[in-house]
Amino acid sequence: MELVLNAGPVVKLVLLILVYFSVVSWAIIFYKQLVIHRAIRDSERFLDFFWSKKRFDAIGQGLDDYRHSPLTVLFREVYSELAQNRRQADGQEADTLVADLGEQERVARVLRRSTTSEGHRLEKYLSFLATTGSAAPFIGLFGTVWGIMDAFHDIGTTGNASLAVVAPGISEALVATAIGLVAAIPAVIGYNHFINKINVLTGEMDNFCQEMLNIVQRMSQGR
Amino acid sequence: MSVAPLRQFNTFHSDPKFGRLLLVSLIAHGLIWVAFSIDLFGTNTRPKPPIYYVDLIHKPVLNPQAGRPDPRPAKKPKAATVKRTVQTAAPTVTKKPTKPAVKPLVKPAKVVKPKPVPKPTTKIDQRKEQKVQSALDEIRERQARQAERDALKDKLAKLRDSAGAATVAADVPVGMPDGTGDEAGIAVVAFVQAFIQQNWALSRYLIDQSRIANIEAKATLVYSAAGKLIRYRINTPSGNQQFDDSLKKAIIKSQQLPQPLPKILELNVTFNLKEMAGRN
């Protein structure tokens, strides 16, 4: 603590910035941990639920229990699109075949859009972790270089290069690098961890899209 | 599969509030700061781990001088004989001046006479005289060099004395030809004193005091054969409360010596602040 309190104003400012980075990084880590953990858990449960039912309306009624999964969003969007299509089709019986072919395309578009928006939702704030992981050590290094410059200046003014004069300044300066690393290391680890999990979820969403498209196609053909 | 009207989800994803988690993170950082401030992890008060120097040559023994002839008288005769042999060896090839019989006539004349002889009537030729003269010059030169070396040695000894107890080990003569191998070494008292001084933390105030006053305390320490401090008593306190307290702390820190002792020992050790400050 003394090292921090005795540091120069520039080093203190650097430390303050690094603390801000660290606080926000940890908040994001907690946040993403909750969001992604819930998303994975609900996705697994939703897929079981989805394949256990044979009617879309039955699935649609039970979506509330899996609200954290991105797959439920995809399903909901597709379901809404189909419902809207059915309402329009009731008034245009003559063009059923044309409408069905267009329906598949619309569902595909809806799925693409939903997948993208869910991907964005899952990746929200992760860029801050990446920034912290890459920038914090450099910011810390800047503080250290500044502190060492000060220490050398002190040596110059006192004319004494003994360890007692040099060492405190350098150790105070090195605190900045240490704090920079303390902020950066969890951020990098968290970023890699969450990106990995998000890739898994994105893969699941892609698979689910294909399944949904197949189902919609079968529905069109079976009509 | 049939399609029925879908229920509307106004808040479909109930993501956790980021602001709340930011607060949690802030509190966690604050707690870490507090923990460091009150030294919860003991980083500031944790005693420094002792540094053990294993001195295989200067093994601590009870009395390092025991079992050895007094070095001073032993040295002098040796030096004398060396000088003598130098003197005698220089002029001629005389190897054993003490040996009598075999060539009695030639040697005494060569060895002893050079000094008195040159002056008078004896018939030593010019060349011999020159030889003797050069030999004498050589001897004088050697003596001068020897004197110079002695002076340097004295100077070195004075410097060592002023450097304090740390040089005790270096001063102890080792490798005496008549030694048995286990008597040479640093005295236990000096060893214990040096060890305690290693663990002694001097404040700035005390370092300043060392320049002003001669502060000294005497303590009796009882160590077990395993090198563990059994009890201690400060017989003569210095009168300076800070010094006495720091001495007590240093003794307590040095409860365990880095190596065992020959037996249970009661040691009277003197701790001098000036010596300590000089070392630090």
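This is a predicted model: local features need pLDDT of at least 70, side-chain atom pairs count only at pLDDT 80 or more; totals for chains, interfaces and linings use all residues.
**Chain A: helices**

Chain A contains seven helices and zero strands, so its pattern along the sequence reads α-α-α-α-α-α-α. Of its 223 residues, 35% are buried. If you look at contacts between residues at least 6 apart in sequence, 83% of them join residues at least 24 apart.

Helix α2(A), residues 9-52, packs with α6(A) at an angle of about 160 degrees, and their axes are 9 Å apart. Angles over 145 degrees count as roughly antiparallel, and therefore that word describes α2(A) and α6(A). Their crossing is left-handed.

Which residues of α2(A) and α6(A) meet? On the α2(A) side they include Val10(A), Leu15(A), Phe21(A) and Lys32(A). On the α6(A) side, Leu126(A), Phe128(A), Ala136(A) and Trp146(A) are among them.

Tyr125(A) sits in the loop between α5 (96-123) and α6 (126-158) of chain A. Its phi is near 75 degrees, a positive value in a residue other than glycine. Is Tyr125(A) buried, exposed or partly exposed? Tyr125(A) has 16 other C-beta atoms within 10 Å, which means that it is partly exposed.

**Chain B: a sheet with helices**

Now turn to chain B, where three strands form an open sheet in the order β2-β1-β3, with antiparallel pairing. The edge strands of chain B are β2 and β3, each of which pairs on one side only. From one strand to the next, the twist averages 25 degrees.

To find a spot along the pair, look for Leu221(B), which stands opposite Tyr232(B) in β2(B).

| Helix | Residues | Strands involved | Direction |
|---|---|---|---|
| α6(B) | 188-198 | lies across β1 and β3 of chain B | about 55 degrees to β3(B) |
| α8(B) | 241-253 | touches β1, β2 and β3 of chain B | about 20 degrees with β1(B) |

Helix α8(B) packs on the sheet, while helix α6(B) lies across β1 and β3 of chain B.

Conventions
Residues are numbered from 1 along each chain as its sequence is written. Chains are lettered from A and ligands numbered from 1 in the order in which they are written. Helices (H or I, at least four residues) and strands (E, at least two) are DSSP runs, numbered from the N terminus. A residue is buried if 20 or more other C-beta atoms lie within 10 Å of its own, exposed if 12 or fewer, and partly exposed in between; C-beta atoms are placed from the backbone. Two residues are in contact if their C-beta atoms, placed from the backbone, lie within 7 Å. Two strands pair if DSSP finds at least two bridges between them. Axes are lines fitted to C-alpha atoms, for helices over the stretch in contact, and angles run from 0 to 180 degrees between N-to-C directions. Angles under 35 degrees count as roughly parallel, over 145 as roughly antiparallel, 65 to 115 as roughly perpendicular and the rest as oblique. A crossing is left-handed if the near helix is turned anticlockwise from the far one by less than a right angle, and right-handed if clockwise.
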